[in-house]
Amino acid sequence: MPGIRGTSTPIPYDSFISYSRAADGLLGPALRDGLHQFARPWYKLRALRVFCDTRSLSASPGLWTTIEAALDASRCFVLLASPESARSVWVRREIEHWRSLEPGRPVFLMLTGGDLVWDHAAGHFDQTLTTALPESLLTSFTEVPLWADLRSIRSQSDLSLSNPAFLDAVATLAATLHGRAKDELVGDDVRQHRLARRFRRLSWTGLSVLTTAAVVAAAVAVHAADVAEAQRVRADAERDQALSYLASDRGIQIGESDPVVSGLLSATAWHFARTPEARYGMVAALAFPVRAILDSGSYHGGAVAFSPDGRTLATGGTDGITRLWDPATGRPAGDPIKDGGLALAFSPDGRTLAVAGSDGTIRLWDLSTRTAVPLTGHRSAVWALAFSPDGRTLASAGQDHTARLWDPATGKPVGRPLEGHTGEVSGVAFSPDGRLLATAGRDRIARLWNPATGRPVGKPLKGHTDEIRAVAFSPDGRTLATGGYEGDIRLWNPATGKPVGRPLTGHTDVVTGLAFSKDGRTLASGSWDGTARLWNLATRRPAGDAFTGHSGYVHGVALSPDGGTLATVSGDGTTRLWRAAARRPVTDPLIGHEDEVSQLAYSNNGDILVSSGADGTIRVWDRLTGRRLGPPIRGRDPYTWPVAISPDDRTLAVGDDDGGLHLWDLATRQQIGTPVKAAAGTISVLTFSPDGRTLAIASGEGILQLWDPATRRPVTAPTKAHSDVLHRIVFSRDGRIMATVGGGTARLWDTATRRPIGAPIGGSSVTWLALSPDSKLLATVGEQGTVRIWDTAGRRPKGAFKDRTGTISTVEFSPDGRTLATDAAAGVQLWDAATTKPIGNPFKSGEGAVSSLAFSPDGRTLAGSYGKGTILQWKVDVPADPFPALCAAAGRSLTEQEWGRYLPSGTPFEKVC
């Protein structure tokens, strides 16, 4: 039987107890202690040896290593099944490891919460009604398993063998572990208890002898003190491990619902113990673009606005309260203004905030004195406000079908109401020069006005099929954007009143807010579909993925003056501040290929990206600008030409379908010499060794050969490496190991001896692989798109995962080996290599399936090819130590209230950031 790592002899366990610390933090350890004592012979320390993490962990820095070793050494797996344990990251990981061991090791279920419902027709647990099991166990039992119901004793305060209910639960499990009848074991327990009492009576006889020995015991008191101190240190380490365990588990459970608190809980877990789960929690939190979540009080509508200098954010909701915030810290900036909330606008000098509410009254608040001047005239709710660029005019849009102009200096109306809409007026905006005023109506039209005369300019802008809820001018005044009820955004030329290009589509519900960036290149939008989006106006495509996380309608959006922060206000009662650059491609899409791109490769200095497509072309791109560098390299036929870049970035190797090897000067894109016949069949893969002295060439049906690129001569004879076409060859960073995949198998090779290392890894259905830079881990894609992580030294599985959105076909390691990237139906997904958990949402702005992936050498950029040849480059930048980045992004530690809510009572409060 396997033993604990680091020990000379195996230390077996009769059972491993897996449970949720949050739900069964008392029951789990109590059950372990009960199993130790129940039916214990008087001469033994314990009846059974049971592993229970908070009692059995050493002070080892590798928490998972200890747990993994205990699982390896355990005879049985006991799951305290509950909804909490079904969601627990640690419990799921323990189950995954247990199932990766040799088959036949039993799993026993002890139900402590939720429900277990067996579907007899299907032959597994009912996947709808069963709430106490993780998905991995729902269909893993081949027949109805026996389980004990402990739900009645879960909350009892007396968890000792003197409690009949608890004693019965212990006896039930002990009988299973001992392999004996329950009534027989209970009788044995009674006999052992009597023997123990008899032994204690006899022990009193020797008390006088022991009194004499007490003198000797005093001599070792100093040694005992040292032992006690060592035990205290160990206990502190175990406590910190348990606190880290709990904090990271709760942080991961909170997840996207509040990424800020989720990340701070993981940072707190990291403070207690630097576990892989704590690091993953911080990385996952940083992957979500939320900077802060503010209580805006909105529950049905609301507004949000940045001051002109970007130092103040105003939010309002239908609770009639306007709140001011410091967007840098996410903290309140003074007391709330108990007024308005449906519409907000800062004056150009930032000294005045116009606020309007459902009563139709507009108030101009002097932010230095906190005094207000009321403007009355609208007969019902005011939906939108806008100051003219010179600050001398305020425009308002109302439910009463009118727009109105006001003089902020006097508080008086300017001219007559602007009456032209036949429905509510939802939006209003001034052009940058102040000569035009745009209004948006629920009568499906937008109108332009001359604010000096109050008269319409040109014809109404028609094109939306339903209400228009938002309107905004670009900074140069040449474009007007309107947002419609059908989720469409239309762009107009204000000079001609004609639409500009096709509508921007992506939202699935009413567009309620629009805002241009200061440079006019980006448009922000918010929608009742609960998302916000940024649009690249040059390409008329989404500038990255949608910002998701609100649980209600998004009613308004605002961009900070520097364009770095996007603010959204929602009916869920919150305003969210987002990092606007997050989830965005670092360049415009790279468009040029006319068919699928099957290979991407960055130069080793990271300056260029090479792509090879099924259209028979190889293209070279500037990584930073996304521009094409010169004309493409073209082959004879539409065919994906395998490529490889030499480590010195001087040479591009290209293989063809006739076994020819072509070398190109990467700087000039001129062919070097004539092609060399390198193989008898089609070349499928080319890979340079890290030192550039070897070029590995795969051809035909599994043929592998090594070449010297300097002499263009083979170094080895052709070798039948696999039974069919090779799909990939990867060298380790030191060049000592080479990994190959083909014919359904993955192999490791010793490059010195040029012989395979052991048997194939991953079975007979491997289609793709990736080798970590240090060659310690191998990731394989196998049956049904499952990715498995292997320890290359022990050739043992370390973890596995699948993507719920579709089958994975490609996997890549980041240059530091900490992150994996995979393709998926929803886009490109990042995973944490240590925990095999997804990092954030998929990058999904591309259209069509993902066919190839590549990390830049610095690991900060990930390139992916989509559909018929579109290439996107995403910013990744997963920090090696995410703790400083997380604290900087949050700008705070957990508050005392949050600390008390999520950590055990009595844990001293600390500011970890």
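A residue is called buried here when its relative accessible area is under 20%, exposed when it is over 50%, and partly exposed in between, using a 1.4 Å probe and protein chains only. You are looking at a predicted model, in which local features need pLDDT of at least 70 and side-chain atom pairs count only at pLDDT 80 or more, while totals for chains, interfaces and linings use all residues. Numbering starts from 1 along each chain as its sequence is written, and side-chain values use heavy atoms, leaving out hydrogens and water.

**Stop 1: helix α13**

Select 276-287, which is α13; helices are DSSP runs of H or I with at least four residues, strands are runs of E with at least two, and both are numbered from the N terminus. Its 12 residues reach 16 Å from first C-alpha to last, close to the 16 Å expected at 1.5 Å a residue, where the expected span is 1.5 Å times one less than the number of residues. Because 11 of the 12 residues are buried, α13 is largely enclosed by the rest of the structure. Among the buried ones are Tyr280, Met282 and Leu286.

**Stop 2: the largest cavity**

A cavity is a set of points on a 1 Å grid over the protein atoms alone where a 1.4 Å probe fits but cannot get out, and lining residues have an atom within 4 Å of a point. The space inside is about 80 Å³, a volume being what is filled by probe spheres set on points joined across faces, edges and corners.

Which element gives the largest share of this lining? That is α14, with 3 residues. The lining divides into 9 nonpolar, no polar and 2 charged residues, with Ala, Val, Leu, Ile, Met, Phe, Trp, Tyr, Cys and Pro counted as nonpolar, Asp, Glu, Lys and Arg as charged, and the others, Gly among them, as polar.

**Stop 3: the second largest cavity**

Now select Arg291, Ala292, Pro327, Ala328, Thr329, Gly330, Ala889 and Ala890, which line the second largest cavity. About 40 Å³ of space lies there, and β8 and α14 each supply at least two lining residues.

**Stop 4: Thr740**

Finally, jump to Thr740 in strand β52, residues 737-742. Thr740 counts as buried because its relative accessibility is 0%. Show its side chain with that of Trp749: a polar contact of 2.8 Å joins them.

Definitions and conventions. On a 1 Å grid over the protein atoms alone, a cavity is a set of points where a 1.4 Å probe fits but cannot get out, and a pocket is an open set with protein on both sides within 12 Å along at least five of seven lines; lining residues have an atom within 4 Å of a point. A polar contact is a pair of N or O atoms within 3.5 Å; within protein, one must be able to donate a hydrogen and the other to accept it, and residues adjacent in sequence count only if both atoms are side-chain atoms.
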